[in-house]
Amino acid sequence: MKKIALIAVVALALPLSALAQDSAAKPPLKERAAKSAKKVTQKVVPKRVIKKLEEAKPISEESDVVLSPEDLEVSKRVLTGTIKCELGASVAIESSQKKPGFFVLTHGSTKYFMHPVNSRTGAIRLEDPKAEAMWLQLGNKSMLMSQKQGLRLADECQANEQTAVAEDMKKNPPKSLFDGADAPKK
């Protein structure tokens, strides 16, 4: 019984002695707080501020992409200028002064350096491989998509030419696939 009592006393005494040694080695709480306040001189910059700074920096018009003759032909059909989109957004597209066939697309404060990519469907497609963005220009509308985020950044964008095509499509809607072919004329 004496051995059990002795073991219990030692088991309780060891943690208390370790605690006493730690408190003797550590300075008082006020001094520790003052030292830690001196160490924390680095300020944390919010992510939204970092994002605005990154978006405002000029884009590099250097690209290792070499355009084919087909791509240069596609670049002639790209609509430029300020294009209005849904929800009051707009996109500005300008031809690059440094590289023929390339375009600078501005959406909000973000700029993209885009080049044409040949497509089988006839749609005009511009891509920025660094920013992973794509501009798709159809006959009646255009859209800006982020391949990285997997969403549309701007939709229902229409230049004057596209608005005219959209109005014509409303007046003369294309045939549905389910309508079938016209009867042959005799």
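**Exercise 1. Determine how many helices and strands the chain has, and in what order they run.**

Solution. The chain has five helices and eight strands, where helices (H or I, at least four residues) and strands (E, at least two) are DSSP runs numbered from the N terminus. From the N terminus on, the order is α-α-α-α-β-β-β-β-β-β-β-β-α. This is a predicted model, in which local features need pLDDT of at least 70, side-chain atom pairs count only at pLDDT 80 or more, and totals for chains, interfaces and linings use all residues. Residues are numbered from 1 along each chain as its sequence is written, and side-chain values use heavy atoms, with hydrogens and water left out.

**Exercise 2. Locate the disulfide and describe its geometry and its surroundings.**

Solution. Begin with the count: the structure holds one disulfide, a term for a pair of cysteine sulfur atoms within 2.5 Å. Its partners are Cys85 and Cys157, with their sulfur atoms 2.0 Å apart. Cys85 sits in the loop between β1 (81-84) and β2 (90-95), whereas Cys157 belongs to strand β8 (residues 151-157), so that the pair links distant parts of the chain, 72 residues apart. Next, the torsion about the S-S bond is about 100 degrees, so the disulfide is right-handed. Finally, Cys85 is buried at a relative accessible area of 10%, and Cys157 is buried at 0%; buried means under 20% relative accessible area, with a 1.4 Å probe and protein chains only.

**Exercise 3. Find what the side chain of Asp128 reaches.**

Solution. Asp128 lies in strand β5 (residues 124-128), and its side chain reaches the backbone nitrogen of Phe113 at 3.1 Å.

Key: Polar contact = N/O pair within 3.5 Å; in protein donor to acceptor, adjacent residues only side chain to side chain. Buried < 20%, exposed > 50% of the residue type's maximum accessible area, 1.4 Å probe, protein only.
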